[in-house]
Amino acid sequence: MEWFYWLVPWEESTLVVAATGSAALFFLRGCALVRPSLHRKLCFWGGLSLVYLVSHTQLDYYSEHQFFIHRLQHLALHHLGPFLIVLSRPCPVLLRGMPSRMRQAFHLMAGWKSIQYPVQALCNPVVSVVLFSTLIGFWLLPSIHFTAMIDWRLYRVMNWSMFLSGLIFWGLVLTPGPVVGVKLSPGSRIGMMLAIIPPQIVIGALIFFTSHELYPIYTICGRAIGGINALADQQIGGIILWIHGAMMSAVGILVVILRELMLAEYPKHGEKVA
Amino acid sequence: MGKNFAGSRNSGYNQLAAGLVIALAMSACNSTEQGHLKEVTGHLPDLSFSLSSDEGQPVTAKTYEGKVLLMYFGFTHCREECPISMARLTRVMHLLGEDADRAHILFVTVDPTRDGPGELRRYLTQFDLEQAIGLTGTPDEIGALAKRYRNAFRPHFPPGGDGGLMHGDAVYIFDTQGRARLLATSADSEETLAEDLRDLLPS
């Protein structure tokens, strides 16, 4: 049963359980009514389980105590997880799957000005691009990173902010139709994905080329994996942000281009592709 | 096609500018305050534990109330970091002089299966140190304390081998009320440690 031990949360979070649990439940119920295609289901379950696994299992221990694994965790929380979830276009399925009262509450809340304004502001393309990139840099400021890694409350805020900003960004660029009234041309979508590349390259390269320890917290509190010294750990982390972070944009751009080509070729079925 | 987002080209420049700001901020933040330990007040929880002392007595955080505490995670078979750290802390205590009576070192073992009270007592007597106590318990108890202070230790998967245990070099410093105040590392000088400890002692 040793494999089972790996699924035991390192630090329990009711919020993570409630959020992933209800999303999974609503999607399951919605699937029976909406019947989404297999690849949409695969994307949703892949994305959701990835986000859950990196934030609520023993893997979290390694993310707390090894810089490059922390970067992998954020790659999953900020890029790959939300990317896959958005690709499954889960909103109609989730809305159908949730209890009708909850759905009504959502519709009611969508009409409130106090909800509309912040949502519209967050879904503004410039804001979402700036938020997506700035959050990466912010949490990697050495003094901020130090505090986030010792204070469990800040650590959770960091991970949630990464996931939510990822969800907003990839939601805007990858959802086929308009999102919260924002209509984006394929060119704008590609522009947004190109815009997040330079900051990630700059921050990743800065971390990679720094010859002293930027994040001593991992040495102070101890590293999870032996045999990797502080600088090597830092350099691998830098490379992950530099290359893999930026690479997700390339995948996203391909998705948008593919969808456009399919729309031009088969206008009726193009929407279903990618 | 409706209203398109026209600012995509501009946002590229915005991002580049934002990136540069971040880069500048990052390089500016490298220099930590010279001559002072890391301040952790409010970020780490108050001291709380229930373990066995090196005399075999059950002890809790309450036992040491009224003293400034220095907590270090180590193990007696450690050949490198632990002896150096304990020698450093011994010197800090000597630097404190008379004030040392109001400070205490807690040496928490991360190798509880091998480090019983006797082993800890023998180990600590090697150092010229009156104000130190070894603490041991079950792997789960030690694990809970290490997790509370974000020290790398997993009770069920100790990365075993002789002397192959990994642990951080942090010294967690608590004030007389048991609040976590400072985090010292092997990079901080003994003089700095002594100076900052004095500031925590009630006059």
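A salt bridge here is a side-chain nitrogen of Lys or Arg within 4 Å of a carboxyl oxygen of Asp or Glu. By that criterion, the side chains of Arg91(B) and Glu190(B) form one, at 3.6 Å from N to O. The structure is a predicted model, in which local features need pLDDT of at least 70 and side-chain atom pairs count only at pLDDT 80 or more, while totals for chains, interfaces and linings use all residues. Residues are numbered from 1 along each chain as its sequence is written, chains are lettered from A in the order in which they are written, and side-chain values use heavy atoms, with hydrogens and water left out.

**Sheet of chain B**

- Chain B has an open sheet of 8 strands in the order 1-8-7-4-5-6-2-3, with mixed pairing.
- Strand 1 (38-39) and strand 3 (58-60) of chain B are the edge strands, each pairing on one side only.
- Strands are DSSP runs of E with at least two residues, helices are runs of H or I with at least four, and both are numbered from the N terminus; two strands pair if DSSP finds at least two bridges between them.
- Strand 7 (residues 171-174) and strand 8 (residues 180-184) of chain B are antiparallel and share 4 bridges.
- Within this pairing, Val171(B) stands opposite Ala184(B) of strand 8.

**Salt bridge between chains**

- Over all chains, the whole structure contains 15 salt bridges.
- One of them joins the side chains of Glu11(A) and Arg150(B) at 2.9 Å, N to O.
- This pair joins two chains, because Glu11(A) lies in the loop between helix 1 (2-5) and helix 2 (14-34) of chain A, and Arg150(B) in the loop between helix 4 (139-148) and strand 7 of chain B.
- Glu11(A) is buried at 14% relative accessibility, and Arg150(B) is buried at 4%; buried means under 20% relative accessible area, exposed over 50%, and partly exposed in between (1.4 Å probe, protein chains only).

**Salt bridges within chain B**

- Arg91(B) is partly exposed at 37% relative accessible area, whereas Glu190(B) is buried at 17%.
- The side chains of Glu119(B) and Arg122(B) form a salt bridge at 3.9 Å, N to O.
- Glu119(B) and Arg122(B) both lie in helix 3 (residues 117-125) of chain B, 3 residues apart, or about one turn of the helix.
- Glu119(B) is partly exposed at 32%, and Arg122(B) is exposed at 55%.
- Salt bridges with shared partners join Arg88(B), Arg91(B), Glu190(B) and Glu191(B) into one network.
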